[in-house]
Amino acid sequence: MSANVAEEAGDASEETEPETALETAKRQLARATAHVDIDPNVVERLERPRKIHEVSLPLRRDDGSVEVLTGFRAQHDSVRGPYKGGLRYHPEVTRDECAGLAMWMTWKCAVMDLPFGGAKGGIVVDPKDLSSTEKERLTRRFTQEIRSAIGPTKDIPAPDMGTDPQTMAWLMDAYSMQQDETIPGVVTGKPPEIGGSEGREEAPGRSVAIITREACDYYDYDLSETTVAVQGFGSVGANAARLLYEWDANIVAVSDVNGARYDADGIDVDKIPSHDEEPEAVTAATGVGEKITNEELLELDVDVLIPAAIGNVLTEDNATDVSADMIVEGANGPTTFAAGAIFAERDIPVIPDILANAGGVTVSYFEWLQDINRRAWSLERVNEELETEMLSAWDDVRDEVEAQDLTWRDAAYVVALKRIAAAHEFRGVWP
Ligand SMILES: NC(=O)C1=CN([C@@H]2O[C@H](COP(=O)(O)OP(=O)(O)OC[C@H]3O[C@@H](n4cnc5c(N)ncnc54)[C@H](OP(=O)(O)O)[C@@H]3O)[C@@H](O)[C@H]2O)C=CC1
Ligand SMILES: O=C(O)CCC(=O)C(=O)O
């Protein structure tokens with residue numbers, strides 16, 4: 001273990017409370033700044049979001065009753081371009097979670113060298129409790145409430161947990177109606193029929209698969225002999241699992257919210273519907289391996305573990321029991337700061353979310369370009385350009401890992417912070 005890593009691992013023993021995404025993001029930032037020459041005033045500015053919009057959302061239910069829900073849009077930093085990031089519908093959304101996720105979007109866009117800053121939004125609601133018409137009314141109301149904060153050159157939402165291309169279509173339509181003109185570039189992740197990009201839905205999972213493939217190559221694993229466990233079978237998890245399966249990896253476990261399916265001989269993941277095709281279908285898939293819990297999946301003795309569902313699943317409580325040789329983060333923030341330190345101490349490489357799942361925002365950028373030019377790209381072109389961008393980001397991060405003997409997360413932060421610091425330097429942050 002390197003001196004840097006050993007020093008960082010020492011912090012783990014003090015962790016007691018569960019971390020919020022914002023706390024994890026701030027601790028990660030503080031640790032990474034030690035490895036990059038950056039003005040402390042810029043760091044102080046980056047420790048907090050620039051704005052958080054909080055809105056009340058009256059929702060008329062189909063039965064006529066009314067409920068008032070809460071929504072957020074956190075905007076972290078826009079020095080490199082308009083704010084960019086997903087919109088999440090989930091019962092555990094909080095102000096701090098949106099702030100932490102917005103921070104991660106700033107780093108993610110900078111790691112990929114995209115001309116965007118970071119944002120994230122959310123509504124505190126269980127989307128499984130909403131009918132389609134309720135979800136549409138809620139999305140239109142949210143758009144109405146945040147209309148002055150978003151726009152193609154201001155802040156561009158996209159899908160995240162609990163939202164999908166249809167949600168983005170409603171958002172685009174509501175915004176366009178308010179502005180009295182059709183403005184496709186206000187959101188990405190729309191259906192291709194209204195200016196969305198081919199390949200956007202599969203993109204975060206595709207990038208997770210590409211980065212897993214590169215990491216296996218780097219650590220000398222033959223992909224066809226690599227065992228992989230994937231938590232979550234949604235936009236990220238299912239697409240990553242399916243592509244890795246197509247590339248001959250041995251997917252031994254996949255999961256949904258209710259539990260996981262495990263087969264040491266491998267699972268044909270094409271036979272299981274994704275969350276989008278049918279929620280909770282993994283555990284319902286009879287005849288596919290044995291049923292285990294999500295907690296057991298995280299501790300399976302596999303080559304690669306891909307947490308691709310929710311945040312904070314790898315904590316100091318289970319980090320010592322994780323038996324995977326490598327972790328590739330499909331979800332945002334699946335590893336707490338304390339767990340990250342334990343993995344560093346145990347020499348388990350963790351390829352961070354801000355690199356691994358960045359294919360989503362990268363194809364969102366392609367979509368934004370297509371909207372500006374009013375010209376669609378073919379799926380083949382999208383996937384080719386995504387591959388190029390992912391390999392270039394992988395090389396940038398790997399170079400920092402090797403140059404400074406850093407963890408993969410610290411190295412990705414260094415790549416991002418150098419670019420953000422340079423932009424702040426040129427633009428000037430002080431009045
Ligand atoms: N969509 C995107 O563009 C991007 C998403 N991400 C991140 O990836 C993660 C997953 O997002 P996405 O794939 O879009 O989400 P989806 O809503 O498409 O899928 C989520 C999946 O996780 C499962 N799940 C939900 N809650 C739990 C839980 N408590 N324990 C275990 N599994 C659970 C769901 O199961 P079930 O079917 O049973 O509900 C489903 O399989 C999030 O962290 C998101 O921020 C990152 C980059 C881009
Ligand atoms: O596509 C985007 O703009 C953002 C996707 C997202 O929210 C994420 O990468 O976490």
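## Thr24 and its contacts

Leaving out residues up to four places away in sequence, Thr24 touches Glu19, Gly100, Gly333, Thr336 and Phe337, where contact means that the C-beta atoms of two residues, placed from the backbone, lie within 7 Å. Thr24 belongs to helix α2 (residues 21–33); helices (H or I, at least four residues) and strands (E, at least two) are DSSP runs numbered from the N terminus. Because 22 other C-beta atoms lie within 10 Å, Thr24 is buried, a class that requires 20 or more such atoms within 10 Å, whereas 12 or fewer make a residue exposed and counts in between make it partly exposed. From Thr24 to Glu97 the C-alpha distance is 10.0 Å, although the two residues are 73 apart in sequence.

This is a predicted model, in which local features need pLDDT of at least 70 and side-chain atom pairs count only at pLDDT 80 or more, while totals for chains, interfaces and linings use all residues. Residues are numbered from 1 along each chain as its sequence is written, and chains are lettered from A and ligands numbered from 1 in the order in which they are written.

## The two ligand shells

The shell around ligand 1 has 30 residues, of which Gly232, Gly234, Asp256, Ala331 and Gly360 come nearest; a residue is near a molecule if its C-beta atom, placed from the backbone, lies within 6 Å of it. By class, this shell divides into eleven nonpolar, 16 polar and three charged residues, where Ala, Val, Leu, Ile, Met, Phe, Trp, Tyr, Cys and Pro count as nonpolar, Asp, Glu, Lys and Arg as charged, and the others, Gly among them, as polar.

Around ligand 2 there are 13 residues, and those that come nearest are Gly86, Ala158, Gly360, Val361 and Ser364. Strand β3 (83–90) and helix α13 (359–373) each supply at least two residues of this shell, which is made up of two nonpolar, eight polar and three charged residues.

## Lys120

An unreviewed UniProt entry lists Lys120 under "active site"; UniProt positions are given in the numbering used here, feature names are shortened, and annotations may be inferred rather than shown by experiment. Lys120 is found in strand β4 (residues 118–124) and counts as buried because it has 32 C-beta neighbours inside 10 Å. Neighbours within four places in sequence aside, the contacts of Lys120 are Ala74, Gly85, Gly86, Cys98, Leu101, Ala102 and Met105.

## Helix α8

Helix α8 (residues 237–246) is largely enclosed by the rest of the structure, because nine of its ten residues are buried. Among the buried residues of α8 are Arg242, Leu243, Leu244 and Tyr245, and the buried residues of this helix pack against α7 (203–218), β6 (227–231), β7 (250–256) and β10 (304–307). After α8 comes Asp248, whose phi is positive, near 85 degrees.

Ala376 lies in the loop between α13 and α14 and is partly exposed, with 16 other C-beta atoms within 10 Å. Apart from residues up to four places away in sequence, Ala376 touches Pro192 and Gln370.

Helix α14 (residues 379–404) packs with helix α15 (residues 408–427) at an angle of about 115 degrees, their axes being 8 Å apart; axes are lines fitted to C-alpha atoms, for helices over the stretch in contact, and angles run from 0 to 180 degrees between N-to-C directions. The contact is made by Asp396, Val397, Glu400 and Val401 of α14 together with Trp408, Ala411, Ala412, Val414 and Val415 of α15. By class, this contact has seven nonpolar, no polar and two charged residues.
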